[in-house]
Amino acid sequence: MSVAVEIDLSSGVPPYEQIRLQVLAHVATGRLVVGDRLPTIRDLATDLGVAAGTVQRAYRELEQAGVVATRRRTGTVVAEGHAPRPDDAVRAVATHLVATARAAGLSDEAVLALVRGALLGPVAEPGVAEPAADRPVGSA
Amino acid sequence: MNGLVMILAIAGLVVVVPLAAVAIATLAMAAGRPPSVDPSQAAAAARRHGLVVAWVAWVTATAVAFVAAAAGMTVLRGHGRPGGLVLALLPMTAALAYVAVHVAGEHSWPRPTGTVRRAVLAPRRQPVARLLTGACMLWAGLLAALLVGTGLTADEGGRAITVVRGAASNTAGPYPGWYYGVPLLLGAAALVAAGSYALRVVAHRPAVVDADPAYDDASRRLSAHRVLRGVQLGLGLTLVGVQWWTAAACINVELQTIGPVLAWATPVVLVATLVACVLPGPRLPGPAPAPAPGWAPPPTPGAADPRATESRPA
């Protein structure tokens with residue numbers, strides 16, 4: 001199964017940040033596992049048609065975060081990293097969310113907005129549904 | 001003037017016609033297969049670029065061979081010895097020109113355009129063309145061994161072989177020896193180095209956007225096949241020439257084993273070289289089925305979100 005990154009040069013997000021976030025996402029979802037080799041900076045920059053410095057910055061920030069490691073002989077590989085890996089149940093929920101949202105006709109941006117909204121909201125117990133939206137103003 | 005016309009006519013007959021026939025046969029073998037449907041516009045542009053480069057490489061090689069043949073025969077007629085060297089180097093000179101065109105073509109490979117760009121997160125592998133790589137190594141090895149052998153066994157002049165039997169001696173030439181051997185060894189080394197460099201450029205050129213990785217991989221293998229086809233043709237035809245002249249000299253000095261062996265091996269190598277040259281390269285796959293969810297890249301973040309930066313690990 002091939003893993004890819006896709007950048008949008010017209011997006012407001014810098015290309016290096018798009019690359020960094022997508023590599024992080026692939027590692028978080030298990031599509032890239034520890035030991036997987038990434039393309040060289042030059043090859044990835046050539047394929048995306050961006051400057052080598054753009055890819056270099058993305059790789060450097062990923063390396064500083066411990067997500068990847070660069071070695072002279074093996075190149076850049078996915079490292080252990082220090083952020084805890086989501087377990088299978090969480091990954092399954094995320095996959096189900098995406099499939100459900102897309103089946104409902106939501107765009108990927110709308111799905112991301114939903115997730116961000118959930119992150120901004122109060123912490124809920126697992127399995128406890130959030131009360132209806134028409135709650136009194138000022139309640140927790 | 002008449003002499004020049006005759007030289008050009010001979011050069012055309014001996015070099016241009018066979019080379020053009022090989023080129024046409026090669027491209028006809030490829031065209032004879034049903035065309036595959038290009039999976040995307042970028043893939044179609046890349047395929048057309050590759051085809052144009054292949055045609056220009058053949059035309060350039062034929063033109064260089066013709067000029068080298070005419071120059072060699074002119075020098076041979078006027079000054080003798082150096083003309084033979086020019087003719088001996090002709091196949092490798094034409095092959096170097098062929099590879100040079102492919103290198104230029106790979107450096108000018110279509111680059112990604114548009115605002116949305118995609119790339120596979122996997123390291124590049126050197127494209128493999130096993131049969132042609134094996135042929136190149138075999139011809140280069142045999143050529144080097146034969147040239148070193150003739151260099152060590154040539155007489156003091158370096159262009160003839162002398163066999164002494166009792167009081168009598170037998171001399172025959174032309175014989176490769178070091179006079180031809182050193183330039184031919186250098187030419188072979190240059191051709192192999194140029195071919196290796198061309199394969200590196202093929203491996204690291206931009207990927208074909210909007211096509212799945214299998215298509216891009218096949219495209220690189222096809223380019224590698226085209227490059228190696230020319231390299232093995234140059235090495236193989238040079239080996240044929242060296243074998244032939246060595247066999248003739250050995251037979252003339254009555255070396256009863258090696259002469260006939262080389263003489264019989266010459267057409268075998270020639271046929272093998274030509275067959276390897278016209279073999280069609282790997283076929284480019286048609287449109288892939290819709291990618292599985294696992295292949296699709298994660299969505300690109302849209303507008304800048306301050307919280308997005310807070311998600312970055314410390």
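Mentor: Start where H5(B) meets H6(B): Ala140(B), Leu143(B), Ala144(B), Leu147(B), Val148(B), Thr150(B), Gly151(B) and Leu152(B) on the H5(B) side touch Gly177(B), Trp178(B), Gly181(B), Leu184(B), Leu185(B), Ala188(B) and Val192(B) on the H6(B) side, contact meaning heavy atoms within 4.5 Å. By class, that makes eleven nonpolar, four polar and no charged residues; Ala, Val, Leu, Ile, Met, Phe, Trp, Tyr, Cys and Pro count as nonpolar, Asp, Glu, Lys and Arg as charged, and the others, Gly among them, as polar. Keep in mind that this is a predicted model, where local features need pLDDT of at least 70 and side-chain atom pairs pLDDT 80 or more, while totals for chains, interfaces and linings use all residues. Residues are numbered from 1 along each chain as written, chains are lettered from A and ligands numbered from 1 in the order written, and side-chain values use heavy atoms, leaving out hydrogens and water.

Now the geometry. H5 (residues 130–153) and H6 (residues 177–204) of chain B pack at about 160 degrees, axes 8 Å apart; axes are lines fitted to C-alpha atoms, for helices over the stretch in contact, with angles from 0 to 180 degrees between N-to-C directions. H5(B) is therefore roughly antiparallel to H6(B) (over 145 degrees; under 35 would be roughly parallel, 65 to 115 roughly perpendicular, the rest oblique).

Then there's H7 (residues 213–252) of chain B, which packs on H5(B) at about 30 degrees with the axes 9 Å apart. So H5(B) runs roughly parallel to H7(B). By class, the contact of H5(B) with H7(B) has 14 nonpolar, eight polar and one charged residues. Among those taking part are Trp139(B), Ala140(B), Leu143(B), Leu147(B) and Thr150(B) from H5(B), and Arg229(B), Gln232(B) and Leu235(B) from H7(B).

Gln232(B), in helix H7 of chain B, is worth a look. Its relative accessibility is 0%, so Gln232(B) counts as buried (under 20% relative accessible area; exposed is over 50%, partly exposed in between, with a 1.4 Å probe and protein chains only). Leaving aside residues up to four places away in sequence, Gln232(B) touches Leu132(B), Ala135(B), Cys136(B), Trp139(B), Thr273(B), Ala276(B) and Cys277(B).

Stepping back, chain B has nine helices and three strands, taken as DSSP runs numbered from the N terminus (helices H or I, at least four residues; strands E, at least two). Buried residues make up 43% of its 314 residues.
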